Amino acid sequence: MPTQPLYRKLRSERRSNSVADPTPSTAVDATGAEARIPSTDLLGVYRMMVTSRVVDERCLTLQRQGRIGFYVPMQGQEAAQVGCTWALSPEDWIFPAYRELGVALTRGVPLKLLLDQFIGNSGDALKGRQMPNHYGYRAFRFVTASSPVGTQIVQAVGTAMAARRKGEPIVTATFFGDGTTSSSDFHSGLNFAGVFRAPTIFFCQNNQWAISLPREKQTRSETLAAKSVAYGIPGVVVDGTDVHAVYGAVAKARELALAGGGPTLIEAQVYRLGPHSTSDDPRRYRSDEELNAWKAKDPIARLKHELLADGQLTEEADHEVWESTKAEVAKALAASEAMAPVQPRTMFEDVFAHIPLALEEQRDQFEALSAPGATKP
Ligand SMILES: Cc1ncc(C[n+]2csc(CCOP(=O)(O)OP(=O)(O)O)c2C)c(N)n1
Ligand SMILES: [Mg+2]
């Protein structure tokens, strides 16, 4: 029987992906910081980090005020998220967990669109069908947030393999936390990516806690990046409060992936300054001393000092950055809160190309019952 073309293609691809190929050396504990953010971009990076902080604080308050239902804060992780996304191309697909507000903003997702999702109004691109804070936007190549930890990792690897097969010059970047490195999807994803040289950047934000479980109880592994050794891929640890180090490591990983060198695991060491989510009270499991020690390493303050030192920023200009950002956020929020709720009739849309008869009847009944002056049965 003649060999099928698809089988032949898969077979030759397997050969080119062979594990016997020389694998790039594992570089655990390297800084990876070859490339620096261009100096002309730095103010933009700073503004994006400030925007992430202001939006984050606002969303926490909105939840406490009952104006949104749920929120997952990312304070302390701004340099990691903005620095990483800054090094990606807009064509690269992003597979986030649930804490990636700074990634979404840097990718260019409009703030109002995000707020529309948190509120679940008629501007919500997901029509209120996702949990608050679980947003995704195909146009921005930002896949919907994954709550079951690790699911995004295998999706990112599959998409990277497909892109490579199609000859698309892109990478996928997936975001996850320290705790997620203990999940089975982490193992499946990294193993597969290593074997098939998938152009994926595994971006682990080690924020020291998996809800109430501290990093030292998570794994015996000395670092999380050290886990890369088992998969034969490079692993690097970077200071996630240093936006340059993060940018450099991601730029290098991207270059390697595009050159056919396969994936990289990056561990960005950061700290979650806020609660795990709006349903969590971290005072029950961690100390003020620990929190304050990390507050002293605030990534935004760190970049601010650099910009002040090289004359790109003054205290007055910094004040203006914060104030104008707060005004922008207030404006977007007012516009979002002024929108009508999602229309309940949209629940009958989008699932079937041709709506089945039974559902059509239910929709008609629903419309009749919701018409002004309709009497309830
Ligand atoms: C498969 C699965 N198991 C358990 C949970 C419950 N859970 C939600 S977040 C979380 C901790 C994840 O920690 P980490 O990976 O460090 O990410 P972080 O929340 O710190 O950003 C857990 C265990 C879940 N969402 N999915
Ligand atoms: Mg964590």
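User: Which residues in α6 meet which residues in α7?

Analyst: Happy to start there. This is a predicted model, in which local features need pLDDT of at least 70, side-chain atom pairs count only at pLDDT 80 or more, and totals for chains, interfaces and linings use all residues. Residues are numbered from 1 along each chain as its sequence is written, with chains lettered from A and ligands numbered from 1 in the order in which they are written. Two residues are in contact if their C-beta atoms, placed from the backbone, lie within 7 Å. On the α6 side we find Thr 151, Ile 153, Val 154, Val 157 and Met 161, and they meet Asp 185, Phe 186, Ser 188, Gly 189, Phe 192, Ala 193 and Phe 196 of α7. That contact has eight nonpolar, three polar and one charged residues. Here Ala, Val, Leu, Ile, Met, Phe, Trp, Tyr, Cys and Pro count as nonpolar, Asp, Glu, Lys and Arg as charged, and the others, Gly among them, as polar.

User: How many helices and strands does the protein have?

Analyst: There are 13 helices and seven strands. Helices (H or I, at least four residues) and strands (E, at least two) are DSSP runs, numbered from the N terminus.

User: At what angle do α6 and α7 cross?

Analyst: Two packed helices are described by the angle between their axes and the distance between the axes. Axes are lines fitted to C-alpha atoms, for helices over the stretch in contact, and angles run from 0 to 180 degrees between N-to-C directions. For α6 (residues 151–166) and α7 (residues 184–196), the angle is roughly 20° and the axes come within 7 Å. The two are therefore roughly parallel; angles under 35 degrees count as such, over 145 as roughly antiparallel, 65 to 115 as roughly perpendicular and the rest as oblique.

User: How do α2 and α12 pack?

Analyst: Helix α2 (residues 42–64) packs on α12 (residues 315–337) at about 50°, with axes 10 Å apart, so this pair is oblique. Among the residues in contact are Val 50 and Val 54 of α2, and Trp 322 and Val 329 of α12. This contact divides into seven nonpolar, two polar and three charged residues.

User: At what angle does α5 pack with α12?

Analyst: The angle is about 45°, and the axes of α5 (residues 111–119) and α12 lie 9 Å apart. That makes α5 oblique to α12. The α5 residues Leu 111, Lys 112, Leu 115, Asp 116 and Ile 119 meet a set in α12 including Val 329 and Leu 333.

User: Which residues come nearest to ligand 1?

Analyst: A residue is near a molecule if its C-beta atom, placed from the backbone, lies within 6 Å of it. Of the 15 residues around ligand 1, the nearest are Val 149, Gly 177, Gly 179, Thr 180 and Ala 210. Strands β2 (172–177) and β4 (209–210) each supply at least two residues of this shell. By class, the shell has six nonpolar, six polar and three charged residues.
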